[in-house]
Amino acid sequence: MIRLPPFTYLAPGTVDAAARLMAEHGRDAMLVAGGTDLYPNMKRRQFEPKVLVGLRGIRELRGVRGSASGWTIGAATTLSAVTAHPGIARDFPALATAAGLVSSPQLQNMGTIGGNVCVDTRCNYYNQSYEWRKAIGFCMKKDGDICLVAPGSSRCWAVSSSDTAPVLWALGARVRLIGAGGERTVPMPALYRDDGIEYLAKRPDEVVADILLPPAEGWRSAYLKLRRRGSFDFPVLGVAVAARMDGDIVRDARIVLGAVASLPRPAERAAAALVGQRVTRELIARVADLAAGPAKPLDNTDFTHPYRKKMTRVFVARALAAVAGLQNGSAASEEVA
Amino acid sequence: MAHRIVGKPIGRLDGIEKVSGEARYSGDVMLPGLVWGKALRSPLPHARILRIDTSKAKALAGVLAVLTARDLPDILVGRRMFDMPLLARDRVRFIGERVAVVAALDPDIAEEALALIDVEYEDLPAVFDPVEAIKDGAPILHENPGAYDGAPSERPHPNVQSVLRFKLGDVEAGFRASDRVFEHTFRTQLDHQGYLEPHAGVVGIDEDGRVQVWASNKMPFRLKELLSQALQLPPAQIRVNLTPIGGDFGGKGSVMDLPLAYHLARATGRPVKMVMRYTEELMAGNPRHPAVITMRTGVSKDGRIVARRVKALFNSGAYAAFKPAPSVNLGGTGMGAGVYRISHLLIEAFCVYSNNIPCGHARSPGEPQMVFAGESHMDMIARELSLDPAEFRRRNLLRDGDLLANGHHLEHVRASETLEAALKASHWSEPKPGPWIGRGAAMTHRHIGVGFTNARVRLESDGTVTLLIALPDTGTGAHLVLRQVVAEVLGLPLDEVEIEIATTDDFTTDSGVGGSRVTHTGGRAAYHAAEKLKEQIQAEAAKLGEPASSLSAIAQAAAREGRTLEASHFYDAKAHGAVTSFTAQVAEVAVDPATGQVTVRHFTTAHDVGTIINPIGHQGQIEGGLIQGLGFALMEEMKTEDGQISTLSLGDFKLPTIQDIPPLTTVLLEDAVGPGPFNAKAIGEGSISAVAPAIANAVADACGVRILDLPITAEKVYFGLKDTERRS
Ligand SMILES: Cc1cc2nc3c(=O)[nH]c(=O)nc-3n(C[C@H](O)[C@H](O)[C@H](O)COP(=O)(O)OP(=O)(O)OC[C@H]3O[C@@H](n4cnc5c(N)ncnc54)[C@H](O)[C@@H]3O)c2cc1C
Ligand code: SF4
């Protein structure tokens with residue numbers, strides 16, 4: 001057992017109070033929701049906050065609400081609750097699937113969707129015990145100043161490993177952020193930055209309060225995840241596809257890849273190639289090639305990176321076929337474990 | 001024969017205690033004044049220790065002792081070959097080797113103290129691959145291994161720990177007489193046993209100066225002997241107290257941290273607890289040996305095996321200390337012959353030193369490696385001969401009277417029935433349900449373990465019976481089996497037989513847990529003790545002259561005369577190799593041609609078994625072994641680069657989850673011929689070894705890709721498919 005270092009736990013009753021506490025304690029403080037990512041990271045001394053601001057006691061952060069303008073998911077809603085919500089499962093099957101594929105049922109009961117979109121980026125050289133990192137030489141993501149995967153690189157390439165982030169991005173979700181200085185609502189892409197260390201573009205005092213989903217209105221979606229085992233494992237590749245269909249013609253489409261970069265990576269050219277087209281196998285093959293193009297996995301997760309690159313194409317094709325209602329020749333299951 | 005309690009599916013009586021957290025494992029033992037020990041480990045695979053500065057750690061508030069090799073006697077420890085220092089002395093040989101140890105008031109302070117110890121090292125050239133390690137000019141791990149206590153004498157290279165050889169006939173002549181000869185080389189990975197309870201122990205010195213030990217260890221009496229050697233104390237001064245064990249799978253037979261805990265207890269005057277973190281288990285436990293195995297087989301035109309030569313290199317890591325067998329090698333090596341009659345056989349296994357984690361015993365030591373190689377090799381040959389793999393096996397199966405590589409003549413051989421049962425249950429001869437689906441078969445067999453156990457049964461005044469035993473239950477449910485045996489013999493309901501866990505003070509010896517022996521040795525000891533008690537009870541009842549008198553009346557009558565009705569039995573099972581248990585397994589897999597991912601659609605396991613004492617426990621052993629075999633086949637791998645293991649958590653070291661387990665059909669061919677109580681045989685290690693080759697053979701059948709190195713990952717299959725495409 002690795003033990004947690006000592007820290008102070010603050011339990012505000014409102015989001016505003018949480019944001020104020022964050023501002024007050026500055027760099028010493030971190031937010032914690034389910035703690036399923038944060039506590040293991042603290043044990044390995046990847047995070048060393050002195051103060052934790054807990055979100056579990058804030059009622060306004062929990063629950064899924066539907067309205068004419070779409071769905072609102074409170075950031076502290078558990079992944080189990082998101083998966084089990086009938087409205088979400090009906091309108092956004094990809095989201096229900098993704099939340100239901102995060103780690104294991106136990107962790108879905110604890111982990112929240114807000115924590116999931118803010119989950120730390122990952123790398124084989126970083127998700128290690130303190131002693132291991134010390135022995136191998138610290139890297140710039142924590143305690144060091146070089147990158148061990150891409151020596152000579154001036155940035156960190158740790159991998160965005162959230163299952164729900166690429167899906168929410170593909171679904172056109174927005175996030176409501178509440179900070180000490182006020183609130184703002186931004187589209188998902190504006191939450192992220194292409195950097196393995198500073199992967200979130202929000203201010204540290206800003207709390208993700210809600211995730212807002214537009215009405216489903218003709219959108220269909222699918223999410224596929226690559227991992228070694230049928231449970232427990234982080235995505236080594238995630239493919240989210242959302243498309244608005246008019247009969248068999250695609251009117252609008254988004255393809256977003258998870259776990260291929262430090263942030264969810266949209267495949268914009270590929271998605272554009274779908275618009276106005278009838279979905280055929282040939283089209284799927286062409287779009288999958290385009291989508292796999294920008295994926296540049298490095299050798300810092302499970303599975304070899306040449307393999308991950310090859311799989312991007314396969315998974316995009318399968319997700320497209322699922323959305324278009326085409327049965328793929330083989331094993332077009334929702335998840336290929 | 002019909003039994004009342006034997007053969008009944010009785011659930012685990014210690015289950016509630018265990019799932020509710022009530023059970024007290026070694027790591028839960030608390031004693032007044034107890035302090036915590038932690039070890040500092042080497043970050044380098046091979047280095048000279050130039051200097052260790054412990055002054056800052058010693059100065060930290062709450063630290064009670066900091067010890068290095070200089071503070072300890074110059075003792076080497078081991079299970080059979082004694083080549084491992086308590087703490088590294090002048091030199092470290094693997095990443096994770098202990099160089100200093102701290103005792104502190106709590107584990108946090110102990111960890112903090114470790115960080116304050118300053119060690120200066122000087123790198124030495126290192127070697128990691130077993131093939132490289134036995135070349136001329138390879139860095140040498142131990143200058144004079146022959147001088148170590150327990151070291152075997154044969155040493156073709158200084159980096160060879162031991163050589164194990166099995167020989168029948170004249171292998172070269174056999175090859176000359178063969179029509180065709182095939183040779184293939186296989187590799188298997190470094191694999192942890194995966195028990196959930198890490199090594200844990202508490203050592204205290206009591207008022208009488210006796211050393212009290214609580215340890216997650218499966219052989220209390222051997223532990224006492226080993227500690228006596230390591231601590232230079234007479235055995236009588238040591239008592240090992242048994243606790244529940246949270247899984248062992250072969251890995252919990254060494255002294256591990258206990259001598260260090262003892263020296264810390266001496267230094268601090270307090271009891272000391274040491275619990276390994278799982279990270280430490282994965283970098284410095286005693287995992288399954290990785291292997292490089294070359295199989296060469298000569299066959300006749302009609303598909304009969306004439307000769308086989310097997311050469312295995314086991315990458316043993318920096319020390320031989322964790323291997324318990326007299327050969328200081330892996331007995332499973334004998335399975336290089338498979339379940340086949342081979343008149344000309346030569347198997348040679350070399351355990352090789354390298355700058356890696358020292359390996360030890362893991363469920364059926366050496367067998368999963370050997371059977372993967374042997375049973376893959378069988379299918380590859382069958383393919384070359386254009387024979388159905390089942391038919392090729394049929395032609396070569398062992399029969400009654402055949403000689404095994406270890407020199408035993410077999411009796412009651414049910415190899416062929418077991419194979420046929422598995423083939424039938426798996427619909428082997430029916431068409432496969434679709435493309436990219438394949439079936440693969442594999443077989444193995446295993447001896448029934450031998451050893452010795454002491455048991456004592458006592459009639460209590462309330463008429464219940466207590467079984468006293470010092471044989472640990474490693475989590476298998478063995479104690480329940482023993483209670484069933486006693487209840488059966490004495491005609492009692494199960495809940496009137498209690499078990500009392502003894503210590504090493506209560507008996508003189510016991511061979512403990514290992515080698516599929518517990519139901520046999522413990523069961524027979526309990527059986528005979530209960531038989532003796534039954535005779536006493538009958539005699540006593542006759543004396544009372546009231547045949548219908550209750551057990552409590554009998555006990556009380558004896559008590560009035562100052563007697564307790566009690567019987568002991570020491571059962572010593574001599575080596576017997578005549579009866580073994582056969583296993584035949586069939587995997588049906590689907591290969592996803594676009595991703596290389598392998599899904600095991602169905603698994604069939606057939607076993608030639610003796611009397612089943614508890615069907616739930618029996619099935620639990622079959623399924624547990626099978627799941628371990630599945631992990632070994634498909635995902636478990638301690639990834640190592642230059643001696644540095646990177647899969648140091650159970651997130652990265654992939655044990656199968658329940659989602660990864662296929663539907664299972666079990667076929668049991670019961671045959672009451674085993675040497676165990678009520679003619680039971682052994683089951684603990686029967687289901688693990690053939691799983692990987694069954695899956696590998698099924699993958700080859702499904703997509704033509706032959707995987708020669710474990711685990712069978714999606715990327716290997718995928719790139720294998722690409723290779724095939726390119727070549728065609
Ligand atoms: C064994 C294991 C397997 C896992 N597998 C997966 C997986 O397959 N897929 C996956 O996506 N994740 C996985 N995770 C990570 C984690 O469990 C999930 O991402 C989970 O959703 C995190 O939610 P949480 O509420 O527990 O977050 P926490 O651990 O509480 O927080 C995570 C991060 O988000 C921040 N945060 C939390 N809530 C907010 C908020 N409302 N506003 C702003 N910042 C916030 C925290 O400060 C912290 O930096 C795994 C974790 C473990 C231990
Ligand atoms: S990508 Fe480089 S800098 Fe970032 S965590 Fe990995 S090794 Fe460290």
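Modeller: A crossing of two helices is called right-handed if the near helix is turned clockwise from the far one by less than a right angle, and left-handed if it is turned anticlockwise. The model discussed here is predicted. In that sense of the term, α12(B) passes α13(B) in a right-handed crossing. Helix α12 of chain B covers residues 478-490 and helix α13 of chain B covers residues 518-544; their axes come within 9 Å and cross at roughly 30 degrees. Angles under 35 degrees count as roughly parallel, and α12(B) and α13(B) are therefore roughly parallel to each other. On the side of α12(B), the contact is made by A478(B), V481(B), L482(B), V485(B), V486(B), V489(B) and L490(B). The residues that α13(B) brings to this contact include V518(B), T519(B), G522(B), G523(B), A526(B) and Y527(B), with E531(B) and K534(B) also among them. By class, the contact of α12(B) with α13(B) holds 12 nonpolar, three polar and two charged residues.

The axes of α15 (residues 615-634) and α16 (residues 691-703) of chain B come within 8 Å and cross at roughly 50 degrees. These two helices, α15(B) and α16(B), are therefore oblique to each other. The crossing in which α15(B) passes α16(B) is right-handed. Here α15(B) contributes L626(B), G629(B), L630(B), F632(B), A633(B) and L634(B), and α16(B) contributes V691(B), A692(B) and I695(B). Eight of the residues in the contact of α15(B) with α16(B) are nonpolar, one is polar and none is charged.

Strands of chain B form an open sheet as well, with three members in the order β6-β2-β8 and antiparallel pairing. At its edges stand β6 (91-92) and β8 (118-123) of chain B; each has a single partner strand, so one side of each is left without a neighbour in the sheet. Strand β2 (residues 47-53) of chain B pairs with β8(B) in the antiparallel sense over six bridges, and R51(B) stands opposite E120(B) in β8(B).

Chain A has an open antiparallel sheet of five strands, ordered β4-β5-β8-β6-β7. Its edge strands are β4 (64-67) and β7 (182-187) of chain A, each of which pairs on one side only. From one strand to the next, the twist averages 20 degrees. At one end of this order, β4(A) pairs with β5 (residues 70-74) of chain A over four bridges, where G66(A) stands opposite W71(A).

The two chains meet where 23 residues of chain A are in contact with 22 residues of chain B. On the chain A side, α8 (130-136) and α12 (305-324) each supply at least two of the touching residues. That side of chain A has 13 nonpolar, seven polar and three charged residues.

The ligands complete the setting. Residues from chains A and B surround ligand 1, so the site is shared between chains. This shell has 34 residues, the closest being G34(A), S103(A), G111(A), G114(A) and G115(A). Its classes are 19 nonpolar, 12 polar and three charged. Among the elements of chain A that each supply at least two shell residues are α6 (105-110), α7 (113-117) and β8 (207-213). Ligand 2 is surrounded by 14 residues, the closest being C123(A), Y126(A), C139(A), C147(A) and C156(A).

Definitions and conventions. Residues numbered from 1 in each chain as written. Chains lettered and ligands numbered in written order. Predicted model: local features only at pLDDT ≥ 70, side-chain atom pairs only at ≥ 80, totals over all residues. Near = placed C-beta within 6 Å. Contact = placed C-beta atoms within 7 Å. Nonpolar A, V, L, I, M, F, W, Y, C, P; charged D, E, K, R; others polar. Axes fitted to C-alpha atoms, helices over the stretch in contact; angles between N-to-C directions. Parallel < 35°, antiparallel > 145°, perpendicular 65-115°, else oblique. Pairing = 2+ DSSP bridges.
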